[in-house]
Amino acid sequence: MEALLQIAGLRVAFDGVPTLRGIDLTLRRGESLGMVGESGCGKSVTWLAALGLLTQRAKITGSVRLAGEELLHAPASRLDKVRGRQIAMIFQDPASALNPVRTVGDQISEALRLHRSMDRRTALAEARRLLDQVGIPDAVRRLGAYPHELSGGQNQRVMIAMALAGQPDILIADEPTTALDVTIQAQILELLRQIQRETGMALVLISHDLGVVSDICERVMVLYGGRIVEELPADRLFEHSAHPYTTGLIAALPSLDAPRQRLFAIPGVVPNAADFPPGCPFAPRCDRRIGRCSEWAIELASVDGDIRHRAACLHVTSEPPAGEVAAA
Amino acid sequence: MVRFIAVRLARALLTIAVVVTFAFVVLRVSGDPARALLSPETPAEAVEAFRKAWGLDAPLWVQYARYLFAVVHGDLGQSMRDGRSAIAVVAERIPVTLMLTAPALILNLLIGIPAGIYAALKRDSIADRLVMMVAVVGFTVPSFVLGLVFVLAFAVELPWFPSGGAGGWQHLVLPVITLGLGGAAVLARFSRSAMLEVLGQPYIRAASAKGVPWPRVVTGHALPNAAIAVLTIVGFMVGNLIAGTVLVESVFSWPGIGSLLVVSVVSRDLAVIQCIMLVVAAAMITTNVTIDLLYGMLDPRLRDLRSGRR
């Protein structure tokens, strides 16, 4: 399949402190990619940088190509045509991502008028259809509602409707369920999955929840300290992950059927962005660390000879036996 | 909504009652109008006669009851200084003061709000620092000092404008600017911070992510939200403006309510002072009710709170 979006060597620094330290990523039409990592690892910043949504303070280098066209440092007038139209984004807290003083219908039809040059009446009719599509009951009445009159789950549905308004090729969902109740989370994820199936757009799901990501996405990327440390098909995530950080994350998940035991936690904390070692960012917390880990940058290398599975760890490249790595 | 207005109206009447009572008590307790108005050599019988004529010989509560009764019947008493009714004395000054305060308020809004918004949009630029520097100066220098500086500069050194009094439009220039600049500085600072607060909200980034061009993000998404906070400050500013006129009218000998108040306090012209306090209280209450109604128009969350809870 053709590459729809290609990010290469993307680096972001705020006031000289690097946040993203070289992200390479290819997104194909219609695929679903999960991005996992803890707060500050750069999963959201990647997309905010790609869409030019960071403040002027951010220094961005590298390349973001959408269907061959460079987006980084593109003029605002061009980016306005990409945002919402080709790449749409939904955010963590739907209640604060919707404008509190404008009605839901008004905010959805704003996107329709911008990207599909509809007049006011057609836009409202289409907004009503979109609310139906995202499963909001009584859509006609809801068009006139303000965000504070809707629940968190309904607001996230409105955000999704707003994102669908531009008929984008890519939908970036930045922790879309973090602020919602567990029962609502499942509904929203199911909605995203269903909409992706119906529209055929590519979906990028940013989350810190491994379970959610492996459930929805075909491919998973694990980020740590502004780098991709592992990239693998979702069905390999739990059994065959190779990077010590990924295996650590999986080990830290509580298990329902195992006997009650103390939860495993990865020792140490994420260092300050300014203090990352030159080599593997995870080295200071890694129990398999050897001298060379911190010395030079470690590239992603294929695991088990599978080109879809790559990890940035010296142990992967030097000692391939998969059983041993997974057991570590 | 009807209920909301009724509650506000009841509260307004209560406020006026408190102001009337407070003014009455403070003025009676703080000094004897007979002493202030009559010369020290006035014979004791004449002073007594004066007191009797103005009802000042009765006990305080009797005076208060008489006063309240008269107020309810629309009679605010007579001016001791010029014998006419207090209402007439004050009423002829109101338009004169409005000639100063109305343009000053417009100057406040027209300079303060755009300057604050501009500074917020150009945050940390040289323009932002410059605007904020001027605002700090305008905000710290008291209006009477500013007024005196203006008189020195533009009436004495450069005889462009008259130094005081009322007359043609030239007489308005210096006092209006003096009165307007301080408020504009306050408003600029608040508009800037209100705007910065709103620009940092997730829905602004979400609007950009949706593909809304930046100028429309500012006008369509940021400004309507910032307006809610700015409105609060405008309410306070009307109060400051009224206080400011007292000083500015004195500096520029402008024959409005402010200078009338000063003269009346000096001569303890009780009825006139009380009448002015009533007018000021009514003006403040009207402003606040107007602002409350505007809030409801700007903020749908408040609208619901009112119709739902009250």
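Of the 310 residues of chain B, 32% count as buried. This is a predicted model, with an ipTM of 0.87 and a pTM of 0.83.

**Overall build of chain B**
- Chain B contains 14 helices and zero strands.
- The C-alpha trace of chain B extends over about 85 × 60 × 30 Å along its principal axes.

**Confidence in chain B**
- The mean pLDDT of chain B is 87, and 98% of the residues score at least 70.
- Among the elements of chain B, helix α10 (residues 202-209) has the highest mean pLDDT, at 95, while helix α14 (residues 300-309) has the lowest, at 71.
- Where pLDDT is low, the predicted coordinates should not be read in detail.

**Annotated spans of chain B**
- The unreviewed UniProt entry places the feature "transmembrane region" at residues 12-31, 100-121, 133-156, 168-188, 226-251 and 271-295 of chain B.
- In the model, residues 133-156 of chain B are 92% helix and 0% strand, and the end C-alpha atoms of this span lie 27 Å apart.
- Residues 271-295 of chain B are 100% helix and 0% strand, with end C-alpha atoms 36 Å apart.

**The sheet of chain A**
- Four strands of chain A form an open, antiparallel sheet in the order β2-β1-β4-β5.
- Strands β2 (17-28) and β5 (69-70) of chain A stand at the edges; each has a single partner strand, so one side of each is left without a neighbour in the sheet.
- The partner of β2(A) in one antiparallel pairing is strand β1 (residues 3-14) of chain A, and nine bridges link the two.
- R11(A) stands opposite R21(A), which lies in β2(A).

**Nonpolar cores**
- The largest nonpolar core has 140 residues, and those with the most contacts inside it are M89(A), I108(A), A161(A), I170(A) and V204(A).
- Helix α9 (residues 170-199) of chain B gives the most to this core, with 13 residues.
- Leaving aside neighbours within four places in sequence, I108(A) is in contact with A127(A), L130(A), V158(A), A161(A), M162(A) and A165(A).
- Another core, of 15 residues, lies apart from the largest one; among its members are L76(B), L260(B), I273(B) and C275(B).

Conventions
Residues numbered from 1 in each chain as written. Chains lettered and ligands numbered in written order. Predicted model: local features only at pLDDT ≥ 70, side-chain atom pairs only at ≥ 80, totals over all residues. UniProt positions renumbered as here; feature names shortened; annotations may be inferred. pLDDT = per-residue confidence, 0-100. Pairing = 2+ DSSP bridges. Core = buried A, V, L, I, M, F, W, Y, C linked by C-beta atoms within 7 Å. Buried ≥ 20, exposed ≤ 12 C-beta atoms within 10 Å, placed from the backbone. Contact = placed C-beta atoms within 7 Å.
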